[in-house]
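Hi everyone, thanks for making time. I'd like to walk you through one model, going from a single residue out to the cores, a helix and a pocket.

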Amino acid sequence: MTDATRKSHWDTVYTTKGESEVSWFQENPALSLELIDLARPAPESAIVDIGGGASRLVDSLLARGFRHVTVLDISLAALDTAKARLGERAGGVDWIVADVITWQPAQTFDIWHDRAAFHFMTDPADRFVYIEHLKQAVRPGGHVIIGTFAIDGPDKCSGLPVKRYDAASLAKELGEGFELLDSRRQDHSTPWNSSQRFQFCIFRRI
């Protein structure tokens with residue numbers, strides 16, 4: 001899938017469905033926040049949410065006093081939804097409209113968070129580039145939090161195939177230089193009360 005095709009797909013999703021009408025909607029991103037807490041970030045820590053879209057994680061980070069929050073997503077429509085929800089607070093966030101595969105990080109981050117973007121990387125070449133960009137963006141000693149569908153989770157999302165992981169296979173993808181600190185499984189309840197099993201991991205960059 002090309003960059004333009006991916007962008008068209010996700011713009012269509014976010015312009016034809018409401019924020020709470022997508023399967024990945026979470027009112028409260030509790031597990032992501034728990035894992036971020038394990039990194040013991042300071043208010044000045046730089047945090048990037050990869051594929052953040054209209055996620056409410058940014059709301060929680062701002063409410064907790066973090067001052068350097070970046071949200072990256074391929075879909076402008078998704079980010080516009082989040083901006084509208086935040087109102088004036090949106091001015092305190094760095095919004096980046098980009099495909100993580102073609103994005104060139106202009107700064108380093110203390111925490112890289114990705115809930116349900118990496119599992120769309122079914123092409124090994126895309127995964128390689130994603131991890132190279134991650135290495136460019138996360139400083140030594142920084143933390144990486146990735147949530148994907150678990151091995152026994154769905155094999156598709158939003159009509160697209162995904163690659164499923166457990167903690168060991170996700171650690172293998174990242175390769176040397178990353179220490180697995182914790183892993184959690186989560187049964188996510190969709191807005192229509194079906195269950196999706198996720199695998200979350202937090203790594204420290206050595």
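This is a predicted model: local features need pLDDT of at least 70, side-chain atom pairs count only at pLDDT 80 or more; totals for chains, interfaces and linings use all residues.

Let's start at Gln199, which sits in strand S9, residues 195-205. Residues are numbered from 1 along each chain as its sequence is written, and side-chain values use heavy atoms, with hydrogens and water left out.

Back to Gln199: is this residue buried or exposed? Gln199 is buried, at a relative accessible area of 4%. Buried means under 20% relative accessible area, exposed means over 50%, and partly exposed is in between, with a 1.4 Å probe and protein chains only. The Gln199 side chain reaches the backbone oxygen of Arg184 at 3.4 Å. That is a polar contact: a pair of N or O atoms within 3.5 Å where, within protein, one must be able to donate a hydrogen and the other to accept it, and residues adjacent in sequence count only if both atoms are side-chain atoms. Setting aside neighbours within four places in sequence, the residues in contact with Gln199 include Phe149, Tyr165, Asp166, Ala167 and Arg184, contact being heavy atoms within 4.5 Å.

Now the cores. A nonpolar core is a set of buried Ala, Val, Leu, Ile, Met, Phe, Trp, Tyr and Cys residues joined through side-chain atoms within 4.5 Å. The largest one has 40 residues, and Trp10, Tyr14, Trp24, Val58, Leu61, Trp95 and Ile145 touch the most other members. Among the elements that each supply at least two residues of this core are helix H1 (3-16), helix H2 (30-38), helix H3 (57-63), helix H4 (76-86) and S9. Which element gives the most to this core? That is H4, with 5 residues. If you'd like to zoom in on Leu61, its contacts beyond four places in sequence are Leu33, Ile36, Ile47, Phe66 and Val69. There is also a second, separate core of 27 residues, which includes Val48, Ala98, Val100 and Leu170.

Leu170 brings us to helix H6, residues 167-174, where Ala167, Leu170 and Leu174 are buried. These three are on the same side of H6, because they cover an arc of only 65° around the axis, the arc being that of the directions from the helix axis to the C-beta atoms. As a reminder, an α-helix has 3.6 residues a turn, so residues three or four places apart point the same way. On the other side of H6, Ala168 and Lys172 are exposed. The buried residues pack against helix H5 (124-137), strand S5, strand S8 (178-189) and S9. At the start of H6, a side-chain oxygen of Asp166 comes within 3.3 Å of the backbone nitrogen of Ala168. After H6 comes Gly175, with a positive phi near 85°.

Next, the largest pocket, which holds about 770 Å³ of space. On a 1 Å grid over the protein atoms alone, a pocket is an open set of points with protein on both sides within 12 Å along at least five of seven lines, and lining residues have an atom within 4 Å of a point. The volume is the space filled by probe spheres set on the points, which are joined across faces, edges and corners. There are 39 lining residues, with Trp10, Gly51, Ala116, Ala117 and Phe120 nearest the centre. H1 gives the most to the lining, with 3 residues.

Ala116 lies in the loop between S4 and H5 and is buried at 16% relative accessible area. Most residues other than glycine have a negative phi. The phi of Ala116, however, is positive, near 75°. Ser158, in the loop between strand S6 (156-157) and S7, also has a positive phi, about 55°. Ser158 is partly exposed, with a relative accessible area of 28%.

Definitions and conventions
Helices (H or I, at least four residues) and strands (E, at least two) are DSSP runs, numbered from the N terminus. On a 1 Å grid over the protein atoms alone, a cavity is a set of points where a 1.4 Å probe fits but cannot get out, and a pocket is an open set with protein on both sides within 12 Å along at least five of seven lines; lining residues have an atom within 4 Å of a point.
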